[in-house]
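Here's a quick briefing to read alongside the model.

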Amino acid sequence: MSYNKRSTSQWKIPLYKVSTDEKDIMYVSNVLKRGTDWAIGPEIEKFETYLAKYTGRKYCIAFNSGTSAGHAALIALGIRAEFEVIVPSFTFMATANWPLMVQASPKFADIETQTYGMDPKDLESKISKKTKLIIPIHYAGLPCKIDEIEEISKKKKLHLIEDASESFGACINGRKIGTFGDITIFSFAANKILTTGEGGALTTNSKELYEKIKLIRSHGRQTNSRYFSSTQNPVYTSLGYNWRMSSITAALGLSQLDKIEKMISMRRKNAQYLSSKLKKFKQIRLHSEPTGYKHVYQLYSILLPNSKIRAKLMSFLALKGIMSKIFFEPVHKTMFFKKIGYGTQNLPNTEKISGQILSLPMFPGLQSEELNYMADSISEFFEHTDK
């Protein structure tokens with residue numbers, strides 16, 4: 001079997017592994033055993049309340065994915081065909097796809113080389129009369145220069161959405177990620193800090209946006225009762241979708257949220273230990289947190305000298321049973337975005353960093369033996385490569 005076609009269970013050290021306990025099973029089982037309210041159950045509202053409190057926002061709406069949450073956010077903000085939305089190309093596809101979902105045009109800004117987030121200076125140079133929205137991401141769990149980006153959005157009177165899919169629990173100068181701009185998007189996909197397998201959420205301080213997005217999420221239905229347990233005739237006031245989170249998913253989210261600080265602490269401890277082992281290699285640049293920043297290490301990414309060395313290291317690690325992966329190839333270089341005319345972009349930092357970046361295994365349950373095995377394997381590779 002080719003190393004890159006292994007299943008997660010066939011890797012000695014997979015890229016991620018979900019941390020579960022008996023509480024996760026109990027919370028989900030309670031919903032299953034109840035035999036009702038598997039959709040629109042009380043767990044969803046409770047999860048939303050706790051998420052809002054944790055992130056420091058007034059309102060939270062749970063979704064079946066971060067992607068649908070972002071789509072709903074752009075609809076609620078009135079982003080449409082004649083507008084431009086500035087996004088990074090160094091991101092997961094969903095960030096750049098959101099503008100296209102509402103017939104708007106994505107416009108790519110370059111990244112800076114410290115956090116690998118959107119470069120505020122390049123962002124400012126890309127703003128035009130058509131620009132209505134900025135969507136930076138916090139790469140791998142490290143905040144971007146969001147405070148500078150927020151200042152620009154206010155000065156230019158533009159909407160700002162944080163794509164915080166990878167950075168739940170991160171902060172900058174004591175301020176939590178998720179409290180900047182109009183709306184924040186979180187993802188709870190399988191490899192995220194807080195995971196429910198699939199799922200997402202949106203937070204905001206705007207009651208107007210909150211009410212709009214609730215309608216968008218659930219068929220445009222305006223009701224104060226639970227649809228499946230009410231005899232009331234619902235009132236449909238606008239176009240909407242079925243982007244709801246299930247009660248089972250929300251129950252798992254509640255259990256995960258109960259231990260989120262412990263899991264983040266374990267990630268940070270593991271990352272710091274691995275960094276202490278890898279910092280001796282002159283060929284590796286670590287993704288370190290600047291002063292005042294808290295990195296939650298959704299990914300543990302390193303920079304290598306070039307793509308050839310990276311490819312050789314990936315193959316060597318695979319032979320050792322250690323999974324690694326590239327996060328991310330530039331969006332504008334994907335087949336789809338080339339096909340729609342985005343293949344040629346002036347994004348030098350994006351292309352340089354994406355050609356050097358490599359993500360190594362990182363999850364709360366990593367053991368010191370596994371961390372040492374990873375470090376020793378990388379040491380062996382560079383000893384061989386230098387000869």
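**A loop residue to start with**

Alanine 104 sits in the loop between helix H4 (93–101) and strand S3 (105–109); helices (H or I, at least four residues) and strands (E, at least two) are DSSP runs, numbered from the N terminus. Bear in mind that this is a predicted model: local features need pLDDT of at least 70, side-chain atom pairs count only at pLDDT 80 or more, and totals for chains, interfaces and linings use all residues. Residues are numbered from 1 along each chain as its sequence is written, and side-chain values use heavy atoms, with hydrogens and water left out.

**More on alanine 104**

- Alanine 104 counts as buried because its relative accessibility is 4%; buried means under 20% relative accessible area, exposed over 50%, and partly exposed in between (1.4 Å probe, protein chains only).
- Setting aside neighbours within four places in sequence, alanine 104 is in contact with Ile79, Arg80, Ala81, Phe83, Val85 and Pro99, where contact means heavy atoms within 4.5 Å.
- Tyrosine 297 is 193 residues away from alanine 104 along the chain, and their C-alpha atoms are separated by 32 Å.

- Tyrosine 116, in the loop between S3 and helix H5 (120–126), has a positive phi near 70° although the residue is not glycine.
- Tyrosine 116 is buried, with a relative accessible area of 1%.
- Alanine 140 also has a positive phi, near 65°, in a residue other than glycine, and its loop runs between strand S4 (131–134) and helix H6 (146–156).
- At 0% relative accessibility, alanine 140 counts as buried.
- Going from phenylalanine 327 to phenylalanine 328, the peptide bond is cis, with omega near 5°.
- Phenylalanine 328 belongs to the loop between helix H10 (307–319) and helix H11 (335–339).

**Helix H8**

- H8 is mostly covered, with nine of its twelve residues buried.
- Among the buried ones are Ser247, Ala250, Leu254 and Leu257.
- The buried residues of H8 pack against helix H1 (22–34), helix H2 (42–55) and helix H9 (260–278).

**The whole chain**

- The protein chain's secondary structure comes to 13 helices and 15 strands.
- Buried residues make up 56% of the 387 residues.
- Of the contacts with a separation of 6 or more, 72% come from residues 24 or more positions apart.
- Along its principal axes, the C-alpha trace spans about 75 × 55 × 40 Å.
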